[in-house]
Amino acid sequence: MKYISTRGKAERLDSAEAIIHGLAGDGGLFVPDEMPKVSMDFVEGLKGISYEERSEKVLGLFLTDYTEGELKSCVERAYGGGKFDHERRAPLNIFDDVSVLELWHGPTSAFKDMALQLLPQLMSTALRKTGEKDTVLILVATSGDTGKAALEGFRDVEQTKIMVFYPEGGVSKIQRLQMLTQKGSNVNVTAVRGNFDDAQSGVKAIFSDEAFGSKLAEHGVKLSSANSINWGRLVPQIVYYFSAYADLLSAHRIQAGDEIDFCVPTGNFGDILAAFYAKCMGLPVHKLVCASNVNNVLTDFLQTGVYNRKRDFFKTITPSMDILISSNLERLLYHVTKDAAKVKAWMRQLSETGRYDVGADVLGEIQKLFWAGYTDDAGTKAAIRRVYEAKRYVPDTHTAVAWDVAEQYRKATGDKHEMVVVSTASPYKFNASVLEALGEKIEGLDEFRLLDLLLEKSGHPIPAGLDSLRTAKELHKGVCEKDGMEAAVGAFAL
Ligand SMILES: *Cc1c(COP(=O)(O)O)cnc(C)c1O
């Protein structure tokens with residue numbers, strides 16, 4: 001299988017090359033040039049095997065230039081070794097009316113681990129396979145979660161280094177501690193005196209500085225990124241949709257061939273796009289419900305066909321969904337239209353005018369599969385409380401958005417298919433908002449007291465990665481000005 005650009009440039013790469021490059025030469029995203037198809041036998045064959053084995057089978061359909069042995073070792077390093085605190089890695093929690101797919105049992109307690117544990121393994125294997133001798137330096141600007149998940153994934157991975165910039169004073173105490181205590185021989189964490197946009201612009205400027213790029217190249221260093229435009233970060237996410245279906249079969253909740261719905265809390269459109277791939281491959285999916293917060297650019301798009309990022313930006317209690325440009329939508333548009341020229345024109349309109357309109361036909365195609373809704377912070381908190389009161393289960397804020405939108409969807413359509421709510425973070429990661437939703441007074445309590453309080457409410461153990469922060473040593477003291485980031489990269493990499 002080869003990988004091509006959504007914007008039409010005539011390069012056809014193996015998956016290993018697509019993963020090393022990250023972005024296509026014309027600024028487009030890499031997509032597979034054909035869709036692998038699976039039978040119901042394939043899906044039924046996923047029952048009764050481990051998550052690692054499920055991953056090998058699904059990944060093997062897309063990463064055809066990796067050997068079975070290579071995939072097996074990548075997957076074992078990613079999900080094995082005690083890094084996940086649940087033996088099923090992505091367990092499905094089945095309630096009377098919905099099932100909840102818990103994707104936060106990895107080392108940083110958010111679903112980013114599902115992909116960011118595997119991407120570094122796929123990348124280091126790709127470097128070996130393609131005979132690349134350079135070291136890949138991953139640069140990340142983070143507002144909190146991605147930085148830590150990327151650090152955990154890339155730590156001590158051969159032929160790679162990782163450097164994370166975060167805004168000084170701009171991340172939560174727990175997030176800051178998670179990053180500053182990071183172990184590993186190839187990692188660096190630096191605070192930037194500025195806000196997240198300064199850190200992000202700084203990283204972009206470093207990527208586009210050709211003179212600096214040549215200097216790095218002379219020293220055998222190549223820059224790359226770990227965000228969800230990389231195919232190596234998207235493909236691991238397809239696995240857990242198959243895994244959820246297999247678990248529903250094993251639990252006799254559905255029969256082979258029955259269609260199910262997924263409701264996904266969405267930001268960059270990566271997670272829900274992985275479900276779209278699963279559906280295209282033949283997994284019996286009826287609807288994909290796209291759940292947003294008040295930054296509801298995707299709700300509007302999926303309802304009207306107009307994508308318009310020119311709107312107010314809101315800070316919410318679901319920060320991982322506070323996003324106005326959903327990069328991965330470009331991949332969906334390509335697969336629905338199979339017309340790279342059209343996609344390229346829309347993306348140009350988006351960058352020049354902030355808006356594009358896909359028209360009634362394309363919208364109609366998309367609406368056959370997608371439904372969209374959103375909720376605000378008050379709705380999110382009400383959903384946490386409602387779920388807790390009905391089930392004694394504590395969802396995090398992002399999961400609660402999806403839960404609420406799933407209910408809206410069922411009310412609006414009367415759809416009775418099995419509904420899987422995708423749960424993207426541990427409630428401990430967003431403990432203050434969750435406790436407030438449950439009616440607790442949290443003023444003046446420090447982060448660790450909040451962990452204890454949530455333990456009393458939820459009864460679910462505090463994730464080890466968060467609990468251990470109480471005593472962990474801060475290892476990274478670096479701070480730089482916003483115009484000093486390139487020098488900091490030089491000091492680390494050269
Ligand atoms: C990143 C993230 C999301 C959004 O996922 P996308 O793939 O960007 O749509 C939702 N919830 C949490 C907790 C996240 O970290």
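This is a predicted model: local features need pLDDT of at least 70, side-chain atom pairs count only at pLDDT 80 or more; totals for chains, interfaces and linings use all residues.

Trainee: OK, where does Lys173 lie?

Mentor: In helix H8. Helices (H or I, at least four residues) and strands (E, at least two) are DSSP runs, numbered from the N terminus.

Trainee: And what does Lys173 touch, leaving out residues up to four places away in sequence?

Mentor: Asp446, Glu447 and Phe448. A contact means heavy atoms within 4.5 Å. Lys173 and Asp446 are 273 residues apart along the chain, with 9.1 Å between their C-alpha atoms.

Trainee: Which residues of H20 are buried?

Mentor: Glu447, Phe448, Leu450, Leu451, Leu453, Leu454 and Ser458. What covers them includes helix H8 (173-180), helix H19 (431-437) and H21.

Trainee: How far does H20 reach from its first C-alpha to its last?

Mentor: H20 covers residues 447-458, twelve residues, and reaches 16 Å, close to the 16 Å expected at 1.5 Å a residue. The expected span is 1.5 Å times one less than the number of residues.

Trainee: How does H18 do on that check?

Mentor: The 17 residues of H18 (residues 397-413) should span 24 Å, and the end C-alpha atoms are 24 Å apart, so the two agree. Its buried residues include Trp403, Asp404 and Tyr409. After H18 comes Gly414, with a positive phi near 70°.

Trainee: Which residues other than glycine have a positive phi?

Mentor: Gln159 is one of them, at about 65°, and His252 is another, near 60°. Gln159 sits in the loop between H7 and E6, while His252 is in the loop between helix H11 (231-250) and strand E9 (260-265).

Trainee: Is His252 buried or exposed?

Mentor: His252 counts as exposed, at 71% relative accessibility. Gln159 is partly exposed, with 26%.

Trainee: Let's go into H11 then. What does Leu234 touch?

Mentor: Leu234, which is in helix H11, touches Gly270, Leu273, Ala274, Tyr277, Asn328 and Arg331, again without counting residues up to four places away. It counts as buried, at 0% relative accessibility.

Trainee: Switching to H9, which of its residues are buried?

Mentor: Ala199, Gly202, Val203 and Ile206. Seen down the axis of H9, they fall within an arc of 95°, so they line one face of the helix. The arc is that of the directions from the helix axis to the C-beta atoms.

Trainee: Why would residues a few places apart point the same way?

Mentor: An α-helix has 3.6 residues a turn, so those three or four places apart do.

Trainee: What's on the face of H9 turned away from its buried side?

Mentor: The exposed residues Lys204 and Ser208. Cover for the buried ones includes strand E5 (135-141), strand E6 (160-167), helix H10 (210-218) and helix H22 (485-493).

Trainee: How many residues line the second largest pocket?

Mentor: 32, with Lys83, Pro107, Glu152, Arg155 and Gln182 nearest its centre. Helices H4 (68-79), H6 (119-129), H7 (145-154) and H21 (464-467) are the elements that each give two or more residues to that lining.

Trainee: And the lining by class?

Mentor: Seven nonpolar, 14 polar and eleven charged residues. Ala, Val, Leu, Ile, Met, Phe, Trp, Tyr, Cys and Pro count as nonpolar, Asp, Glu, Lys and Arg as charged, and the others, Gly among them, as polar.

Notes: Residues are numbered from 1 along each chain as its sequence is written. Side-chain values use heavy atoms; hydrogens and water are left out. On a 1 Å grid over the protein atoms alone, a cavity is a set of points where a 1.4 Å probe fits but cannot get out, and a pocket is an open set with protein on both sides within 12 Å along at least five of seven lines; lining residues have an atom within 4 Å of a point. Buried means under 20% relative accessible area, exposed over 50%, partly exposed in between (1.4 Å probe, protein chains only).
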